[in-house]
Amino acid sequence: MSEYVKWDLYEQGYGMITLHRPERRNALSLNMIEELQRLLRDARDLDIKALVITGAGDQAFCSGGDLNDFHAGLSSQEAFSALYPMKEVLYELSRFPVPTIALLNGHTRGGGCELATACDFRYAAEGSTIGFVQGDLGISPGFGGGALLYQRIHPLKAYEMLVQSRVYDTVEAIHTGWLQGTIREETIAEDIDNILQPFLSKNIDQVKHFKQQYVKQQIPISISADMDDEVRRCSNLWGNEQHKEAVQGYQRS
């Protein structure tokens, strides 16, 4: 088992992946991404009715790519090679055979928003914030999550979120359609049970049928090429002066 990603299988009929680097705000390292690929492959073969992804701690669901691995000094080709495996994670997650739910236990930024977008449903802790902030870093989404965002919410809202690159609170995120609801720290177990109950009350064939219908309408196989193009465009922007200055600012903070 990975030191940075945890897997739990619950007798109620669902699996949970936990990003487990709270001291790094659950930032995605290359090792974490490799482990996520393996977990998703293994989970496809399990008789579960839902898959949940969350983060450890109460500060952040995921702050994006770890700057130790995704630093601004990479060449365009090196950036593409580093980014692409997470694109594959997002694509597999978006077409996972049963419903997927992101439980955002804290603030979510950049690539963390892309990861959450790959899930079917998103619920966030009250008081947390989300932001596709890549545009303020001199780049664009690099894991293919921007292409997926256009499939999840109204295209004009997706365009607005990406081009403004600002931080949203939960009320605003619900208004866009990106967030389905909130969870409260004082009743978190009850809230999670309420979120999962409609899925777990169905049989496996039912949830797979409903998911297959949704994927057919909203997440076609062709989306993979659009995600590839997004990774490539981000790679070509990698390491420009705005990007370098933004990364240096994060490293100093």
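Which residues in helix 2 meet which residues in helix 9? Let's start there. One caution before the answer: this is a predicted model.

From helix 2, the residues are Ser76, Ala79, Phe80, Leu83, Tyr84, Lys87, Leu90 and Tyr91. Helix 9 brings Ile223, Ser224, Met227, Asp228, Val231, Arg232, Cys234, Ser235 and Asn236. By class, this contact of helix 2 with helix 9 holds 10 nonpolar residues, four polar and three charged.

Now the geometry. Two packed helices are described by the angle between their axes and the distance between the axes. Helix 2 covers residues 76–94, and helix 9 covers residues 223–237. Their axes come within 9 Å and cross at roughly 150°. Angles over 145 degrees count as roughly antiparallel, so helix 2 is roughly antiparallel to helix 9. The crossing of helix 2 past helix 9 is right-handed.

Stay with helix 9. Helix 4, residues 145–152, also packs against helix 9. Here the angle is about 135°, and the axes are 7 Å apart. That makes helix 4 oblique to helix 9. On the helix 4 side, look for Gly145, Gly146, Ala147, Leu148 and Gln151. They meet Ile223, Asp226, Met227 and Glu230 in helix 9. The contact of helix 4 with helix 9 splits into four nonpolar, three polar and two charged residues. Ile223 and Met227 of helix 9 take part in the contact with helix 2. Ile223 and Met227 also take part in the contact with helix 4.

Helix 4 has another partner, helix 5. What angle do helix 4 and helix 5 pack at? About 145°, with the axes 7 Å apart. Helix 4 passes helix 5 in a right-handed crossing. Gly146, Leu149 and Tyr150 come from helix 4. Pro155, Ala158, Tyr159, Met161 and Leu162 come from helix 5.

Next, helix 3, residues 111–118. How many of the residues of helix 3 are buried? Eight of the eight, so helix 3 is largely enclosed by the rest of the structure. The buried set is Gly111, Gly112, Cys113, Glu114, Leu115, Ala116, Thr117 and Ala118. Note Glu114 in there.

On to single residues. Take Lys211, in helix 8, residues 204–218. Is Lys211 buried or exposed? Its relative accessibility is 5%. Buried means under 20%, so Lys211 counts as buried. The side chains of Lys211 and Asp120 are joined by a polar contact of 3.0 Å. Beyond its neighbours within four places in sequence, Lys211 is in contact with Leu93, Ser94, Phe96, Pro97, Val98, Pro99, Thr100 and Asp120.

That list leads us to Thr100, in strand 5. Thr100 is buried, at 0% relative accessibility. Asp120 turns up again: its backbone nitrogen lies 2.9 Å from a polar atom of the Thr100 side chain. Leaving aside neighbours within four places in sequence, Thr100 is in contact with Leu51, Leu93, Ala118, Cys119, Asp120, Phe121 and Lys211. Ala118 is one of the buried residues of helix 3.

Now Ile101, also found in strand 5, residues 100–104. Ile101 counts as buried too, at 0% relative accessibility. Ile101 and Phe121 are 20 residues apart in sequence, yet 4.8 Å apart in space, C-alpha to C-alpha. Not counting residues up to four places away in sequence, Ile101 touches Ala50, Leu51, Val52, Ile53, Cys119, Phe121, Tyr123, Ile195, Leu196 and Phe199.

Last topic: backbone angles. Most residues other than glycine have a negative phi. Look at Asn26, where phi is near 55°, a positive value. Asn26 is found in the loop between strand 2 (14–19) and helix 1 (30–43). At 0% relative accessibility, Asn26 counts as buried.

Ser165 also has a positive phi, near 55°. Where does Ser165 lie? In the loop between helix 5 (155–164) and strand 9 (167–169). Ser165 counts as buried, at 2% relative accessibility.

Key. Residues numbered from 1 in each chain as written. Predicted model: local features only at pLDDT ≥ 70, side-chain atom pairs only at ≥ 80, totals over all residues. Heavy atoms only, no water. Axes fitted to C-alpha atoms, helices over the stretch in contact; angles between N-to-C directions. Helix = DSSP H or I, 4+ residues; strand = E, 2+ residues; numbered from the N terminus. Parallel < 35°, antiparallel > 145°, perpendicular 65-115°, else oblique. Left-handed = near helix turned anticlockwise from the far one by under 90°. Contact = heavy atoms within 4.5 Å. Nonpolar A, V, L, I, M, F, W, Y, C, P; charged D, E, K, R; others polar. Buried < 20%, exposed > 50% of the residue type's maximum accessible area, 1.4 Å probe, protein only. Polar contact = N/O pair within 3.5 Å; in protein donor to acceptor, adjacent residues only side chain to side chain.
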